[in-house]
Amino acid sequence: MIRLVVSRFLQAIPTLWVIATLTFLMTRYAPGGPFDSEKAIPEEIKIKLQSHFGLDQPLLNQYMLYLKNLLQGDLGPSFKYPEWEVSELIATAFPVSLTLGVLSLVFAIIIGIPAGMIAALRKNTWVDYLPMSLSMAGICLPTFVLGPLLIYVFSSHLGIFPPLGWDGPSNWVLPSLTLGLFYAAYIARLTRAGMLETLAQDYIRTACAKGASSWRILFKHASWGGLLPVITFLGPAFAGLISGSFVIESIFFIPGLGKFFVTAAFNRDYTMVLGTVLFYATLIIFLNLLVDILQAWIDPKARPQ
Amino acid sequence: MHLLKQILRSLNRTRFFSIGTLLLLFLGCSRPSNVETALEEKLLHFGLGAEPQHLDPHLATSVAAHNILSALLEGLVTEDPKDLKPRPGTAKSWDISKDGKTYVFNLRENAQWSNGDRVTAHDFVYSFRRMLNPNLGAQYASMLYPLKNALAYHQGEKSWQEANVGVKALDDHSLEITLENPIPYFLELLNHFSWFPVHRPTIEKFNAYEKIGTAWTKPNNFVGNGPFRLTKHHINSVIEVHKNEHYWDAKTVQLQGICFYPIEAAYTEERAYRSGFLHLTQSVSADRVDFLKEKYPDELHFEPYLGTYFYRFNLKNPPFDDRRVRQAFCLSIDRKKLVDKVLKGGQSPATTFTPPGTGGFHPTAGFRYDPDTAKGLLNSYLKEKGMDKLPPIELTYNTSEGHKKVAEALHGMWKETLGVEIHLLNMEWKVFLSTVANGEFSLARAGWIGDYIDPHTFLQMWRTGEGLNMTGWGNKNYDQALQKAETSNSVDERWKNFQTCEDLLAAEAPILPLYFYVHLTLRHPTVKGWYPTLLDHHPYKYVYLEKEEAE
């Protein structure tokens with residue numbers, strides 16, 4: 001296990017370096033720059049601004065300086081909001097995205113796994129068709145449709161939850177549900193497939209023959225094997241949940257990281273793009289490692305030899 | 001089925017549902033909305049649109065920044081809430097010399113910064129000097145060019161002393177400003193944030209005199225002289241300001257505070273308004289107008305806005321290097337149809353570049369709809385060039401549903417009248433900006449919002465070689481007329497020369513004006529002291545909240 005962690009950690013370093021380099025080059029070669037605006041800026045002011053942010057240096061120097069600062073943990077000030085450090089902005093926005101992500105995942109799991117299990121147990125009956133059709137609808141329905149729909153029902157009509165904002169728990173429900181339902185649908189389908197495969201195994205038949213109760217078969221024998229695909233999916237899903245929340249943030253006016261991630265690219269906010277990309281990359285690497293550990297724990301076959 | 005029954009049985013249904021209900025009640029216990037609590041708290045909840053890039057008045061560039069800065073700072077004069085005419089601000093009075101070039105402002109002795117320091121004439125000298133300091137790199141520094149010798153100092157040709165820039169503190173409370181030319185709208189100009197003062201000790205404490213991106217603009221650090229002080233700034237979430245008790249006219253200020261929410265998506269903003277989260281929205285999506293007109297007839301406002309939506313021709317390449325083709329394109333557009341059938345948001349057709357009535361200037365219409373003449377002009381061009389028809393033309397615009405709608409409508413009109421094939425090319429904003437600035441377009445969308453209420457803010461754009469011109473058009477007569485208008489002190493003379501400019505624009509057609517903007521907004525009936533103004537400025541000290549009277 002320690003070997004797994006160490007080797008993953010060593011692999012992560014070159015991966016992050018490649019990501020940083022590619023992102024750096026891509027931002028610099030994208031047309032337009034951070035100081036382009038509808039009002040033409042006089043050339044001499046543009047030069048001043050560029051020198052202020054070190055953009056007048058040769059690209060290689062900029063790159064070396066960037067890497068040097070990065071190694072010291074300094075992501076620099078945002079180009080778009082220079083009064084704020086990129087790390088400061090990430091530090092304020094990430095907890096919001098994390099809360100949203102965790103809650104969505106909780107929704108996704110508590111809805112998805114039971115639905116998938118029930119569907120698998122009663123294959124080809126209405127108990128299977130109903131949640132599976134709903135989950136297909138959930139996968140197909142984009143969040144910008146589902147979000148306003150939930151707002152319409154729970155906020156405008158029933159008045160239970162506020163339609164936007166991030167002040168307290170009551171604000172958290174609708175966005176988490178919107179984001180979570182999409183993943184719940186995936187999880188339900190994965191659970192169903194995984195469970196069906198496991199339930200067809202010989203050892204389950206043996207357990208049935210021995211007279212084990214359905215409960216026991218389900219939770220003691222089948223669940224671990226049946227949930228393996230779901231667990232593999234959880235790592236990327238969780239990363240997706242906390243990074244892919246731009247639309248949700250925009251619909252529900254949530255001050256999360258997704259907005260910085262997306263608008264930084266539009267604004268050519270070089271430091272912010274690099275900062276958020278590296279942050280998410282690190283997070284995804286970490287989450288994947290976590291999933292591998294979890295899998296190794298559950299499934300002996302997945303343990304490194 | 002056996003298993004399912006077992007599971008269901010094992011769940012004590014009553015307990016499950018009662019917990020569920022409790023949880024729902026706990027999470028969703030409905031609180032009174034912002035608008036409901038606002039009457040008591042005297043807090044205005046304001047839809048800001050975008051997050052402002054800077055809160056430093058010398059670096060700010062956006063409308064959002066104006067909305068915040070006009071609460072935090074005050075210039076020499078303020079604005080009348082109804083017509084934006086200058087009213088005494090930090091200066092209680094002023095004297096203007098006969099030639100209109102020298103102003104002496106008498107500052108209030110009781111004008112204070114939010115930390116209790118006195119506001120003096122030296123603060124203004126320091127601020128103007130900072131704004132013009134070439135090392136700061138202020139994008140709006142040219143707003144201060146009307147000051148005598150400001151250009152020489154800003155371009156780094158001379159030092160501050162050598163340049164002798166036209167601003168001087170005669171004593172602590174008298175400020176003398178000398179202008180390059182008499183400018184009839186100079187006092188109005190002073191309400192632009194680039195003319196606002198900054199607190200010298202604060203700037204020095206954060207070493208921000210020539211540095212971008214210091215922490216002086218954060219809450220607790222920001223020292224201003226306006227009716228409100230900055231109390232909270234959570235980026236992309238909220239900016240809060242509260243009443244500044246040190247403000248000289250604090251007794252007029254009725255609001256206890258304003259919360260600005262940078263909600264960019266128009267649909268989200270509308271939902272925020274309808275749920276009582278906001279008193280006012282920054283915008284309204286055009287396709288929601290019909291619905292809102294019906295549901296909120298008294299809360300949806302169409303307000304005039306000093307801006308023109310237009311297209312630029314690129315005169316550097318054929319076919320738009322020929323005046324006839326440009327005119328043919330201009331004459332084929334039925335602007336009334338565009339406004340009534342496509343936009344439907346209360347905009348008015350633009351037959352001039354300057355919106356009529358700007359500062360009292362009413363230009364005669366120059367851009368007409370005349371498809372027959374258009375056809376004739378194009379045919380004469382085609383005949384001369386020995387062509388059957390024009391090659392397809394690329395129309396570049398930045399990606400947006402609204403721009404696309406206009407581009408498609410125009411495509412139809414050109415195709416119908418001139419038989420021209422248009423390729424619509426949409427681009428992401430920054431790519432679009434650099435494409436247009438580099439002259440890599442044939443026909444490109446544009447918009448211009450006036451910075452002050454005078455035709456000059458519009459017509460100066462088309463001076464030969466002006467940074468914003470970008471069409472490649474230049475005309476000596478235009479430049480001369482513009483200069484005459486700039487240096488003249490007589491209203492008639494100025495209007496006459498501005499009219500010459502407008503006539504030349506219509507005759508030469510380097511641009512194609514389409515419509516004048518309107519500001520579409522939702523505003524709650526409890527907001528009082530708020531009037532439609534051309535620049536969408538609303539001096540907050542006159543704004544108050546009052547319960548609606550039951551009819």
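User: How much of the contacts in chain A with a separation of 6 or more comes from residues 24 or more positions apart?
Analyst: This is a predicted model, and in chain A such residues account for 75% of the contacts with a separation of 6 or more.

User: And what is chain A built from, in helices and strands?
Analyst: Chain A has 12 helices and 0 strands. Read along the sequence, the pattern is simply α-α-α-α-α-α-α-α-α-α-α-α.

User: What box do the C-alpha atoms of chain A fill?
Analyst: Taken along the principal axes, the box is roughly 85 × 55 × 30 Å. Chain A has 305 residues, and 48% of them count as buried.

User: Which residues in chain A lose the most area to chain B?
Analyst: Those are A:E38, A:E83 and A:F253, which together make up 16% of what the chain A side buries.

User: How many salt bridges are there between chain A and chain B?
Analyst: The count is 3 salt bridges. One of them pairs the side chains of A:K259 and B:E264, at 3.3 Å from N to O. There are also 13 residue pairs in polar contact across the interface of chain A and chain B, both residues being at pLDDT 80 or more.

User: Switching to chain B: where does B:D451 lie?
Analyst: B:D451 is in the loop between β15 (443-449) and α17 (456-459) of chain B.

User: Is B:D451 buried or exposed?
Analyst: B:D451 counts as buried because its relative accessibility is 17%, and the cut-off for buried is under 20%.

User: What does B:D451 touch, leaving out residues up to four places away in sequence?
Analyst: B:D451 touches A:K39 from chain A, plus B:Y140, B:M143, B:H192, B:T457 and B:L535. As for B:N438, it is 13 residues from B:D451 along the chain, and their C-alpha atoms are separated by 25 Å.

User: Back to salt bridges. How many are there over all chains?
Analyst: The count comes to 24 salt bridges over all chains. In chain B, the side chains of B:R87 and B:D80 meet in one, at 2.8 Å from N to O. B:R87 is partly exposed, with a relative accessible area of 31%, whereas B:D80 is buried at 14%.

User: What about B:E240, which residue does it pair with in a salt bridge?
Analyst: B:E240 pairs with B:K232, and their closest N and O atoms are 3.6 Å apart. B:E240 counts as buried at 18% relative accessibility, while B:K232 is partly exposed at 30%.

User: And B:E421 with B:K415, what's the N to O distance there?
Analyst: That salt bridge has an N to O distance of 3.5 Å. B:E421 is partly exposed, with a relative accessible area of 30%, and B:K415 counts as partly exposed at 43%. Elsewhere, B:D249, B:K251 and B:K541 are joined into one network by salt bridges that share partners.

User: Where does B:R324 lie in chain B?
Analyst: B:R324 is in helix α12 (residues 323-331) of chain B. B:R324 counts as buried, at 17% relative accessibility. The side chains of B:R324 and B:S380 are joined by a polar contact of 3.0 Å. Not counting residues up to four places away in sequence, B:R324 touches B:L377, B:S380, B:Y381 and B:E384.

User: Last one, cysteines. How many disulfides are there over all chains?
Analyst: The search of the whole structure finds 0 disulfides. As for individual cysteines, A:C140 counts as exposed at 56% relative accessibility, whereas B:C259 is buried, with a relative accessible area of 3%.

Note on methods. Residues numbered from 1 in each chain as written. Chains lettered and ligands numbered in written order. Predicted model: local features only at pLDDT ≥ 70, side-chain atom pairs only at ≥ 80, totals over all residues. Heavy atoms only, no water. Buried area = accessible area lost by both parts, 1.4 Å probe. Salt bridge = Lys/Arg side-chain N within 4 Å of Asp/Glu carboxyl O. Polar contact = N/O pair within 3.5 Å; in protein donor to acceptor, adjacent residues only side chain to side chain. Disulfide = S-S within 2.5 Å. Buried < 20%, exposed > 50% of the residue type's maximum accessible area, 1.4 Å probe, protein only. Helix = DSSP H or I, 4+ residues; strand = E, 2+ residues; numbered from the N terminus. Contact = heavy atoms within 4.5 Å.
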